[in-house]
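Here are my comments on the model. Please read them alongside the coordinates.

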Amino acid sequence: LRVYSSDLATSHTIGRVTNQSGTTDYAIVDTAMDISGEEPVLYGTYQSLGLVGGQPAYCSFICKISLTDGKTSNWLQVTDLSSTSDIIYAIAFDKEGTLYAIGADAGDDGGPASLYTIDLEDVQTGTFGSEVQAQKVAEIKSSSGSSISTNYCQDLAFDHANGTLYWMENEDEILYTVNTATA
């Protein structure tokens with residue numbers, strides 16, 4: 001975990017981000033800072049191949065990342081995505097602390113992207129540990145009404161000054177504004 005100055009000219013390393021087992025043999029796909037509380041909290045999203053209903057499937061997880069040493073905690077499996085092949089690629093918090101996520105098919109060619117909210121306070125006990133449910137807001141559509149396919153590299157960020165959610169997707173390399181009420 002590395003922190004950069006606002007002009008990106010300097011940085012310092014906080015620590016190596018670890019998985020649930022304390023090793024570094026995986027990759028956090030995206031991070032987001034929740035600034036709604038007294039102290040900011042950094043979260044990350046990660047995907048792992050697991051079993052869903054006895055069948056191999058990708059599973060998405062959300063975890064806290066320590067701003068002191070980079071260690072992770074509070075691993076939560078994300079459930080109720082559109083299909084068992086959908087995973088969370090990008091996350092962002094609004095200034096009130098609502099976590100938004102972009103999910104799509106984990107296949108090599110991607111799939112239609114959807115906007116979700118995830119309530120990190122509503123933790124359930126599931127088959128594989130602690131779980132949180134993704135609530136689908138809507139499939140993300142272009143201004144012409146067609147689906148937007150996405151996969152892998154992308155990012156999601158809020159402009160807290162005006163409440164605008166921005167999404168940079170990789171298929172067409174377009175920066176979108178996303179309507180958080182109807183995608």
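1. Start with serine 83. Its relative accessibility is 33%, so serine 83 counts as partly exposed. The cut-offs behind that call are under 20% for buried and over 50% for exposed. Keep in mind that this is a predicted model.

2. Where does serine 83 sit? It is found in the loop between strand E6 (72–79) and strand E7 (86–93). Alanine 57 lies 26 residues away along the chain, with 9.8 Å between its C-alpha atom and that of serine 83.

3. Now aspartate 34, which belongs to strand E3. This side chain deserves a look: aspartate 34 is buried yet has no salt bridge. Lysine 64 is the nearest side chain of opposite charge, and it is 8.4 Å away. A salt bridge would need a side-chain nitrogen within 4 Å of a carboxyl oxygen.

4. What does the side chain of aspartate 34 join in a polar contact? The partner is the side chain of serine 36, at 2.7 Å. Neighbours within four places in sequence aside, aspartate 34 is in contact with Glu39, Pro40, Val41, Tyr43, Phe93 and Gly97.

5. Isoleucine 35 is placed in the loop between strand E3 (30–34) and strand E4 (41–52). Its relative accessible area is 42%, so isoleucine 35 is partly exposed.

6. Last, the surface. Ile35 belongs to a nonpolar patch there, along with Met33 and Leu67. Together the three residues have about 230 Å² of accessible area. Patch members must have over 30% relative accessible area; isoleucine 35 has 42%.

Terms used:
Residues numbered from 1 in each chain as written. Predicted model: local features only at pLDDT ≥ 70, side-chain atom pairs only at ≥ 80, totals over all residues. Heavy atoms only, no water. Patch = residues over 30% accessible without salt bridge, like charges linked within 9 Å, V, L, I, M, F, W, Y side chains within 5 Å. Areas by Shrake-Rupley, 256 points an atom, 1.4 Å probe, with all protein chains shown as cover. Helix = DSSP H or I, 4+ residues; strand = E, 2+ residues; numbered from the N terminus. Buried < 20%, exposed > 50% of the residue type's maximum accessible area, 1.4 Å probe, protein only. Lys, Arg positive; Asp, Glu negative; His and termini not counted. Polar contact = N/O pair within 3.5 Å; in protein donor to acceptor, adjacent residues only side chain to side chain. Contact = heavy atoms within 4.5 Å.
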